[in-house]
Amino acid sequence: MNANETQNGRITSLLLFVRTTDDLACACQQVGEFLTFCRSRQSGSFADGQLLGAWIDEHAVTELPQEMTLRLPTNEAIVLAVHESFSLWGVWAVASIEHVHPWENTDMGLSHDRVFDALFALTRGDARRVCRYSPAFTHDTPEKQVRAEIERLDTRHPLRITQPIYYDPVTGRLSLQNEERLPGGWTNE
């Protein structure tokens, strides 16, 4: 069983919903502090979930989806349900997402493409919504791999991908810069 899987076979993932790209840095700082607190207490659904990314959409922050349908390449549909959320109303919300994990190989989990597709499906038919996605990576992901994934996503979803978020899966800290590579590394300021 992986770290994010519960005994009932469900996986807990985290999604960040942010009003605008201008709010992303502040949201990362505040949500990182919240996740650090939850992980230090080892309680609740935010204590060990893995951050998938941030969906930047002013409507989703105030109208948080309760579930999203994810289509797999096999045309199987998986429902991702919002289990719990915590927010600074109208600016950002972090949601604990649960899904039944049908894959034998845990490496086949939620990719950035699958998450983007499920979120983008929520906006279909509303031409006024210009949403963006900020993929999350652990702080120890090689920079070359991050750049390659951003370029690949940007090719598939032009003008919809924004800067990556880095996170520490142990502490929950978030940053828009990979602070592991900065002098002093990951510190709680």
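View 1. The buried set consists of His112, Asp113, Arg114, Val115, Phe116, Ala118 and Leu119. Helices here are DSSP runs of H or I with at least four residues, strands are E runs of at least two, and both are numbered from the N terminus. Please keep in mind that this is a predicted model, in which local features need pLDDT of at least 70 and side-chain atom pairs count only at pLDDT 80 or more, while totals for chains, interfaces and linings use all residues. Residues are numbered from 1 along each chain as its sequence is written, and side-chain values use heavy atoms, leaving out hydrogens and water.

**View 2. Helix 3 against helix 4.** Helix 3 (residues 112-121) packs with helix 4 (residues 143-156) at an angle of about 35°, and their axes lie 11 Å apart. Axes are lines fitted to C-alpha atoms, for helices over the stretch in contact, and angles between N-to-C directions run from 0 to 180 degrees. His112, Asp113 and Asp117 of helix 3 meet Glu149, Arg152, Leu153 and Arg156 of helix 4, where contact means heavy atoms within 4.5 Å. Sorted by class, this contact holds 1 nonpolar, 1 polar and 5 charged residues (nonpolar: Ala, Val, Leu, Ile, Met, Phe, Trp, Tyr, Cys and Pro; charged: Asp, Glu, Lys and Arg; polar: the others, Gly among them).

**View 3. Pro164 in its loop.** Look for Pro164 in the loop between helix 4 and strand 7 (165-167). Pro164 is buried, with a relative accessible area of 15%. Leaving aside residues up to four places away in sequence, Pro164 touches Ser134, Pro135, Phe137, Val146, Ile150, Ser175 and Leu176. Its C-alpha is separated by 9.7 Å from that of Glu149, 15 residues away along the chain.

View 4. Helix 1 (residues 24-41) has 18 residues and reaches 25 Å from first C-alpha to last, close to the 26 Å expected at 1.5 Å a residue; the expected span is 1.5 Å times one less than the number of residues. Among its buried residues are Leu24, Val31, Phe34, Leu35 and Arg39. Gln42 follows helix 1 and has a positive phi, near 50°.

**View 5. Where to read with care.** pLDDT, the predictor's confidence in each residue from 0 to 100, averages 82 over the chain, and 81% of the residues score at least 70. Over residues 103-108 pLDDT stays under 50, and the model has 7 contacts beyond four places in sequence for them.

Definitions and conventions: Buried < 20%, exposed > 50% of the residue type's maximum accessible area, 1.4 Å probe, protein only.
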